[in-house]
There are 2 protein chains.
Amino acid sequence: MLSEFDIIRRYFTRPAPSAILGIGDDAALIQSAPGMELAVSTDMLVCGRHFFPDAEPRKLGYKSLAVNLSDMAAMGARPRWATLSLALPEPLVRTDEKWLEIFAQGFFSLAQTYEVELIGGDTTQGPLNICVTIIGEVEAGKALRRSGARPGDDIWISGHLGDAALALAHVLGRINLQPEDIEACLPALDTPAPRVALGRRLIGIAHSAIDISDGLLADLDHILKCSRVGAIIRMDEINCSASMKRYLSHPLAINCLLAGGDDYELCFTAPQSTRQRIGILSREQNIPLTRVGIIGEKEGLVVLDADGNPMQLEARGYDHFRAE
Amino acid sequence: MLSEFDIIRRYFTRPAPSAILGIGDDAALIQSAPGMELAVSTDMLVCGRHFFPDAEPRKLGYKSLAVNLSDMAAMGARPRWATLSLALPEPLVRTDEKWLEIFAQGFFSLAQTYEVELIGGDTTQGPLNICVTIIGEVEAGKALRRSGARPGDDIWISGHLGDAALALAHVLGRINLQPEDIEACLPALDTPAPRVALGRRLIGIAHSAIDISDGLLADLDHILKCSRVGAIIRMDEINCSASMKRYLSHPLAINCLLAGGDDYELCFTAPQSTRQRIGILSREQNIPLTRVGIIGEKEGLVVLDADGNPMQLEARGYDHFRAE
């Protein structure tokens with residue numbers, strides 16, 4: 001059976017030319033460019049909670065980095081370096097070396113796209129658990145925070161929401177999607193596209209930003225609480241995929257859209273004077289950017305239905321200790 | 001039951017005055033001082049492998065940070081910031097809020113001692129797993145690496161080795177220690193003292209360093225391989241506690257001493273011209289520093305017994321996928 005050193009050497013040691021020292025010592029050594037701050041974030045993915053035990057290792061490798069890149073996007077930071085810690089069940093290592101090889105391929109395919117270097121990590125035996133820490137760079141004082149929203153700001157979202165949650169609901173047997181809709185929605189769940197380039201371009205435009213990982217309502221609420229403001233959003237302005245639109249009469253679909261989580265789109269606020277710039281940015285980046293509401297002084301989050309009436313909403317987002 | 005946000009707010013949100021932005025956004029923001037490099041390391045502790053399911057949460061909180069501080073010590077870096085990711089079993093969160101409170105006390109007690117700030121993390125439900133990433137600062141170009149050992153260097157170790165492994169062997173019923181020896185050895189297992197101040201002082205003195213986490217033979221071997229040199233060490237020069245000395249006729253004790261792991265002492269090499277400085281350092285820091293051998297050009301690691309004969313050694317250190 002592979003030793004932990006074999007695993008690291010064989011699957012996870014790649015050149016890290018922009019690090020001073022990469023994998024193989026007690027710590028990696030890095031140095032940020034002058035005038036830059038470092039953004040640091042970490043996400044832990046647990047088997048049976050964030051992914052199914054039989055999840056495809058390539059998609060898992062991809063997603064374990066993607067969710068961290070999404071945090072960099074939300075800060076406007078350029079992701080640079082990552083560490084990867086893995087707890088691996090003994091049978092997996094003993095019987096299925098391919099799993100690690102393909103997991104690494106998924107991880108590094110995305111890492112290469114974003115020029116992220118793996119500089120360290122840990123490998124141990126245990127119930128499958130994947131913990132990635134990402135370090136990015138952002139111009140000093142310019143990071144997009146949750147706390148910068150101001151009354152009068154437009155509220156924007158990138159892409160469209162709810163497809164990942166809709167795909168998951170189908171997999172769990174809670175809704176029955178048509179085959180073409182499954183096919184359309186599954187990539188949002190398995191291989192979300194982190195909005196790194198968009199986040200970088202929002203520096204100097206957006207007043208605040210967050211990535212939508214727990215659902216729009218919960219994540220927008222973080223912006224509101226951190227900024228001590230309120231918001232009104234209009235349900236029918238939220239950008240949906242063609243698939244999502246077909247199921248919007250189903251209460252579960254509404255829940256997926258507003259509170260499903262796993263979207264990894266950006267929600268940001270920006271002054272109304274930047275609407276034209278944001279329109280240009282949307283075309284340049286080929287990413288839909290949609291205004292869904294407005295920040296107000298009065299605290300709280302109101303969602304209006306198509307008739308302009310406040311909606312009564314139960315679920316507010318994903319909570320790892322409350323959700324079933 | 002506590003939500004993940006409750007857990008973070010209640011137990012893990014403390015001031016982080018030296019970070020630009022601490023817990024509560026998509027990422028933390030930090031900036032290193034001019035002329036400094038950042039050292040980054042991560043360790044994952046898994047229930048049932050690194051600690052027992054009934055481990056005292058205070059000691060667990062302490063140790064999960066201590067093992068990372070030890071990596072900073074081995075680089076000569078000053079630890080500054082940490083992230084903490086926790087997978088927590090649902091029953092633990094539901095029934096035993098005290099566990100989290102006491103775990104956090106253990107973690108922060110050590111963090112405060114070393115002025116380490118917790119700047120981020122993740123909390124999720126799952127089999128108990130603790131992953132800490134630590135970021136430290138070290139003067140540019142000065143970090144202690146594994147690769148700097150040169151023929152003629154003395155090989156030094158700090159403190160004494162094997163007590164942690166001896167205590168563990170007792171707990172597992174593989175050896176029967178006297179009560180006073182259990183009491184003497186258990187702190188090495190539960191609450192090891194990371195050699196951070198020593199590591200900082202070794203900059204400019206040591207040619208290479210590593211922390212002994214997998215056992216002296218395995219960790220010294222990393223230095224040898226990275227430096228492309230060999231070594232001869234003398235078994236009877238290795239510093240033992242009074243307890244260890246009482247059991248040295250037991251083959252298991254020899255194994256604990258040389259290959260037990262969990263020591264979190266430093267092994268470093270330094271030119272013979274620095275012996276006097278190292279002696280002064282030992283007295284200043286009140287830490288035994290013992291010369292145990294010498295680096296040679298011929299690759300390989302030879303351990304000599306008390307009669308000067310090479311020992312035949314089986315176990316070479318701890319491997320998470322091979323060890324039972």
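Student: How many salt bridges are counted between chain B and chain A?

Tutor: A word on the ground rules: this is a predicted model, where local features need pLDDT of at least 70, side-chain atom pairs count only at pLDDT 80 or more, and totals for chains, interfaces and linings use all residues. Residues are numbered from 1 along each chain as its sequence is written, chains are lettered from A and ligands numbered from 1 in the order in which they are written, and side-chain values use heavy atoms, leaving out hydrogens and water. A salt bridge needs a side-chain nitrogen of Lys or Arg within 4 Å of a carboxyl oxygen of Asp or Glu. Between chain B and chain A, the count of such bridges is four.

Student: Which residue of chain B forms a salt bridge with A:Arg146?

Tutor: The closest N and O atoms of this pair are 3.3 Å apart, inside the 4 Å limit for a salt bridge. The partner of A:Arg146 is B:Asp26.

Student: Which element gives the largest share of the side of chain B that touches chain A?

Tutor: Polar contacts first: the interface of chain B and chain A has 17 residue pairs (both at pLDDT 80 or more), a polar contact being a pair of N or O atoms within 3.5 Å, where within protein one must be able to donate a hydrogen and the other to accept it, and residues adjacent in sequence count only if both atoms are side-chain atoms. Elements here are DSSP runs numbered from the N terminus: helices (H or I, at least four residues) and strands (E, at least two). With ten residues, the largest share of chain B's side comes from strand β2 (residues 36–46) of chain B.

Student: How much area do chain B and chain A bury between them?

Tutor: In this interface 70 residues of chain B are in contact with 70 residues of chain A, contact meaning heavy atoms within 4.5 Å. Buried area is the accessible area (1.4 Å probe) that two parts lose on being put together, summed over both. Carbon and sulfur atoms carry 57% of the total, which is about 5,400 Å².

Student: Which residue of chain A meets A:Asp262 in a salt bridge?

Tutor: Domain 1 and domain 2 of chain A have three salt bridges between them. In this one, the N to O distance is 2.9 Å, and the side chain that meets A:Asp262 belongs to A:Lys63.
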